[in-house]
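Have a look at it first, then read on.

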Amino acid sequence: GQKWPYTNLTWSLRSRNLKDLDSYQVRFVISKALEVWSRHSKLTFTEVDSDRADILIYFVRGDHGDNFPFDGKGVILAHAFFPNGGRSIDVHFDADETWTTIPNSDQGTNLFNVAAHEFGHSLGLSHSSIEGALMYPWYKEMENGFDYELPDDDKLGIQTLYG
Ligand SMILES: CC(C)C[C@H](C(=O)NO)C(=O)N[C@@H](CC(N)=O)C(=O)NCc1cccc(N)c1
Ligand SMILES: [Zn+2]
Ligand SMILES: [Zn+2]
């Protein structure tokens with residue numbers, strides 16, 4: 001599979017009208033979700049305000065121009081493209097979900113959990129068959145809020161790719 005040819009990656013939140021989500025809180029949650037991966041690898045993540053960032057983040061709904069239309073408020077919550085030799089790649093969050101930026105909140109879908117999973121894909125990790133893994137295909141609540149400890153299977157995966 002593909003991986004980034006360098007480890008100092010940039011990211012940018014490209015969607016502005018986040019409905020009732022506060023863009024500062026979204027950017028904070030994104031930085032915490034990226035830290036889940038940088039804590040266990042040589043990867044570094046820097047926010048930039050540019051559409052030339054490595055990882056471009058959007059909130060979109062329904063059919064949004066790639067061949068993977070979202071499903072309204074439903075099962076598909078987000079998707080991410082795999083690294084592509086150093087060209088910018090997208091992460092799309094389904095704008096029709098009720099997102100919450102408060103970890104472990106039981107109101108709505110936890111953006112931190114889903115973002116941490118999606119960034120695994122953005123770094124080159126596919127789904128894991130290990131039930132407790134972050135890269136397991138099916139969402140499950142993660143405890144410890146932003147201090148979430150990456151399960152071993154995911155640690156192994158990211159260290160195999162980026163040391
Ligand atoms: C075929 C894919 C486009 C499905 C899509 C996904 O895996 N995105 O990465 C997705 O949204 N899967 C849902 C499946 C579900 N509703 O449980 C999901 O929550 N994935 C994100 C996620 C978040 C946190 C933890 C885990 N394990 C998975
Ligand atoms: Zn998409
Ligand atoms: Zn996934």
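## The zinc site

Let's start with the metal. Along the chain, the donors of the zinc ion (ligand 3) are spaced as H-x3-H-x5-H. Bear in mind that this is a predicted model. The residues behind that pattern are His117, His121 and His127, each using its NE2 atom to coordinate the zinc ion (ligand 3) at 2.1 Å.

Where do histidine 117 and histidine 127 sit? Histidine 117 is in helix α2 (residues 111–122), while histidine 127 is in the loop between α2 and α3 (152–162), so this pair links distant parts of the chain, 10 residues apart.

With 47% relative accessibility, serine 126 counts as partly exposed.

Which residues does serine 126 touch, leaving aside those up to four places away in sequence? They are Phe82, His121 and Met135, and His121 is one of the zinc ligands from above. Phenylalanine 82 is 44 residues from serine 126 along the chain, yet their C-alpha atoms are separated by 8.7 Å.

## Salt bridges

How many salt bridges are there? The count comes to seven. One of them pairs arginine 27 with glutamate 47, with 2.6 Å between the closest N and O atoms. Because arginine 27 lies in helix α1 (residues 23–38) and glutamate 47 in strand β2 (residues 44–47), this bridge ties together parts that are 20 residues apart in sequence. Both ends count as partly exposed: arginine 27 at 29% relative accessibility, and glutamate 47 at 35%.

Another bridge joins aspartate 96 to arginine 61, the closest N and O atoms being 2.7 Å apart. This one connects two loops: aspartate 96 is in the loop between β5 (89–94) and β6 (99–100), and arginine 61 is in the loop between β3 (55–60) and β4 (78–80), 35 residues apart. Aspartate 96 is partly exposed, with a relative accessible area of 25%, and arginine 61 is partly exposed too, at 43%.

Lys32, Glu35 and Arg39 are joined into one network by salt bridges that share partners. Glutamate 35 counts as partly exposed at 31% relative accessibility, and so does arginine 39 at 39%.

Terms used: Residues are numbered from 1 along each chain as its sequence is written. Chains are lettered from A and ligands numbered from 1 in the order in which they are written. This is a predicted model: local features need pLDDT of at least 70, side-chain atom pairs count only at pLDDT 80 or more; totals for chains, interfaces and linings use all residues. Side-chain values use heavy atoms; hydrogens and water are left out. Donors are N, O and S atoms within 2.8 Å of the metal (3.2 Å for Na, K and Ca); water is not among the atoms, so sites may look incomplete. Helices (H or I, at least four residues) and strands (E, at least two) are DSSP runs, numbered from the N terminus. Buried means under 20% relative accessible area, exposed over 50%, partly exposed in between (1.4 Å probe, protein chains only). Contact means heavy atoms within 4.5 Å. A salt bridge is a side-chain nitrogen of Lys or Arg within 4 Å of a carboxyl oxygen of Asp or Glu.
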